[in-house]
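Thanks for coming, everyone. Please take a look at the structure, and then I'll walk you through some rings and a sheet.

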Amino acid sequence: MRPQEHSIPGDGDARGDHTCGAPAALTLLFFALGCASATRSAPSAAVRTDLERSGEGYPIYRIPALAVTPRGTIIAAYDGRPAGGDLPAHIALLVRRSTDGGATWLPRQIVRADTAPLGFGDPSLVADHETGRLFLFHAASIRQGYQGAHTGNDPADPDVLQADYSWSDDDGLTWQHRRITPSIKDSTWGGIFAASGMGIQLRHGAFAGRLVQQYVVRSDDRNFGMSVWSDDHGATWHHGALAGPDVDENKSVEMSDGRLMLNGRFRVGRQVAISTDGGASYQGLHLDTALVDPGNNASIIRVAPGAPASEPRSHWLLFSNTSDPGARRNLTIRLSCDDGTTWSSGHVIEPGMAAYSTLVVLPDGRVGILYERGSYEWITFTTLALADIGVCQ
């Protein structure tokens, strides 16, 4: 559903940023401030599982989303596609669950699928840690995808790309569905879709408890980022101001002082902006060229969302992307100890071909990543220890 897709050439090497050294054996609970170590080591808690292989069940699997429920269950969601293209296509929305930290996975579930030409795709998961409800945002199409979608917000118009979500109150076992297009789409906009991966729930300050999901909007034939939020656990939803132009798939992360940072896809780096009003608007949009990127979806999360600002770990962020200036390869996870001001050289998860990725921190402190591996051949889940990525000191 993205305006630009890229082929993936061969292998590449990791890119190094300046960092200060520290022993990689230091543990997750090393709370002192500092920069992240460039030291790499073999993952001490690594588990790698290929959840899906294209051609087995569906011709192709794409667009990984990932979340951990309040009960500790890992939920992985993604598209089951008839071919490589985005919506409109007869795409199914799929989920797998793990109740043992990713060691094993339960069989594939079909959350949404229907007869052609209906399609559902681009999943993003948001967990409400106060109610336990799990939201699975996605786009729903009949005749049009992102580029061809008409203006308007009629929930029954087959030429409008619809904004839907599925929700579960039983840890992802069963799902119900809801359309929120009239609530979050201005009638003058064209295409709109939830930026795939994972949304967040704010934990601190005046907007604590707010659920925030990022969207991409086409307005006047340009791309903009936008937050959609709920302050009543999903009963009502609202959209914020457009951030851009030229912001494609984007994520938001809550920083230690309660502000939100938007991090969005661009062609040679990452678009970054800051919100002081819980995602209602973003200011200071600029290009961060330190996070080299070929124009790809990425992931940014807070290591310890519940940590108060008085704890050093409240400043720790993780970021994953294909760190290459021109190709989708060299999937790397980086650590920031200062709310994203500087980043470590990181840990290379996949030196060869890879694409979209989504990060979580598991209940036992390990980092989990769900990503597209190879030339869209596998959906793969991997875990590793935070100390394998870097150490704050």
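Tyrosine 215 is buried, at 1% relative accessibility. Buried here means under 20% relative accessible area, exposed means over 50%, and partly exposed is in between, with a 1.4 Å probe and protein chains only. A word on the source: this is a predicted model, where local features need pLDDT of at least 70, side-chain atom pairs count only at pLDDT 80 or more, and totals for chains, interfaces and linings use all residues. Residues are numbered from 1 along each chain as its sequence is written, and side-chain values use heavy atoms, with hydrogens and water left out.

Now the rings. A pair of aromatic rings is described by the distance of the centres and the angle of the planes. Rings of Phe, Tyr and Trp (its six-membered ring) pair if their centres lie within 6.5 Å; planes under 30 degrees apart are stacked, over 60 edge-to-face, and the rest tilted. How many aromatic pairs does the structure hold? It holds 12.

Take phenylalanine 135 and tryptophan 237. They pair edge-to-face, 5.7 Å centre to centre, with 80 degrees between the planes. Phenylalanine 135 lies in strand S7 (residues 134–141), and tryptophan 237 in the loop between strand S14 (222–230) and strand S15 (238–239), so this pair ties together parts 102 residues apart in sequence. Strands (E, at least two residues) and helices (H or I, at least four) are DSSP runs, numbered from the N terminus. Phenylalanine 135 is buried at 0% relative accessible area. Tryptophan 237 is buried too, at 4%.

Back to tyrosine 215. Its partner is phenylalanine 137: edge-to-face, 6.5 Å centre to centre, 90 degrees between the planes. Phenylalanine 137 is in strand S7 and tyrosine 215 in strand S13 (residues 211–219), so the pair ties together parts 78 residues apart in sequence. Phenylalanine 137 is buried, at 0%. Ring pairs link Phe135, Phe137, Tyr165, Tyr215 and Trp237 into a cluster.

Next, the sheet. Which order do its four strands take? The order is S2-S3-S4-S5, in an open sheet with antiparallel pairing. Two strands pair if DSSP finds at least two bridges between them. Strand S2 (60–68) and strand S5 (109–112) stand at the edges with a single partner strand each, so one side of each has no neighbour in the sheet. Strand S4 (residues 92–98) and S5 pair in the antiparallel sense over three bridges. There, valine 95 stands opposite glutamine 109 in S5.

That's my tour. Questions, please.
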